[in-house]
Amino acid sequence: MNLTLDTLNTQLSQHGYKLTRQRKAVVEVVTQTHTRLTAAEVYAKAQRECPDLGLTTVYRTLEILEQLWAIRRVHLEDGCEAFALTALEHGHYVICSRCQATLEFEGCDLTQLLERVADQTGFAIEQHWLELVGRCPKCQKKK
């Protein structure tokens with residue numbers, strides 16, 4: 001299932017959030033981009049449509065979308081975070097190292113690994129995330 005602008009606006013409204021111009025601009029950027037985006041990138045793109053948009057509104061809207069399971073955090077090489085759309089209950093991402101295309105996938109049977117880590121460390125594993133980085137088919141063709 002792909003999340004659309006209308007779907008996310010409906011979700012926001014159903015959860016009692018006002019659909020301000022600023023919030024709509026952020027949601028539009030998030031739904032129309034197929035790469036991971038930092039909050040600063042969302043801000044820069046959304047501000048083109050909504051010049052009075054504030055960075056605080058971007059962060060709050062991203063936080064709300066994350067709480068609604070519409071986006072997930074993606075970790076960047078420099079230790080910062082970005083955000084990507086999610087349509088799967090238990091999805092993970094594969095990210096192109098060249099063009100930053102970000103695709104969600106499911107099916108990470110890590111059960112044995114998680115059990116082994118729990119046994120070795122004594123931790124009760126509560127969650128995990130998996131991000132794979134490589135080159136997408138388009139970038140593989142480019143030399």
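Contact is taken here to mean heavy atoms within 4.5 Å, and helices (H or I, at least four residues) and strands (E, at least two) are DSSP runs numbered from the N terminus. The structure is a predicted model, in which local features need pLDDT of at least 70 and side-chain atom pairs count only at pLDDT 80 or more, while totals for chains, interfaces and linings use all residues. Residues are numbered from 1 along each chain as its sequence is written, and side-chain values use heavy atoms, with hydrogens and water left out.

In the pairing of helix α3 (residues 39-49) with helix α4 (residues 55-67), Ala 39, Val 42 and Tyr 43 of α3 meet Leu 55, Val 58, Tyr 59 and Leu 62 of α4. The residues of this contact comprise seven nonpolar, no polar and no charged, where Ala, Val, Leu, Ile, Met, Phe, Trp, Tyr, Cys and Pro count as nonpolar, Asp, Glu, Lys and Arg as charged, and the others, Gly among them, as polar. The axes of α3 and α4, which come within 9 Å, cross at roughly 120°; axes are lines fitted to C-alpha atoms, for helices over the stretch in contact, and angles run from 0 to 180 degrees between N-to-C directions. The two helices α3 and α4 are therefore oblique to each other, given that angles under 35 degrees count as roughly parallel, over 145 as roughly antiparallel, 65 to 115 as roughly perpendicular and the rest as oblique.

Helices α1 and α2 pack with their axes 9 Å apart, at an angle of about 140°, which makes α1 oblique to α2. Here Leu 5, Leu 8, Asn 9 and Leu 12 in α1 meet Arg 23, Lys 24, Val 27, Glu 28 and Thr 31 in α2, and the residues of this contact divide into four nonpolar, two polar and three charged.

Not counting residues up to four places away in sequence, Val 30 touches Val 42, Leu 62, Leu 65, Ile 71 and Leu 85.
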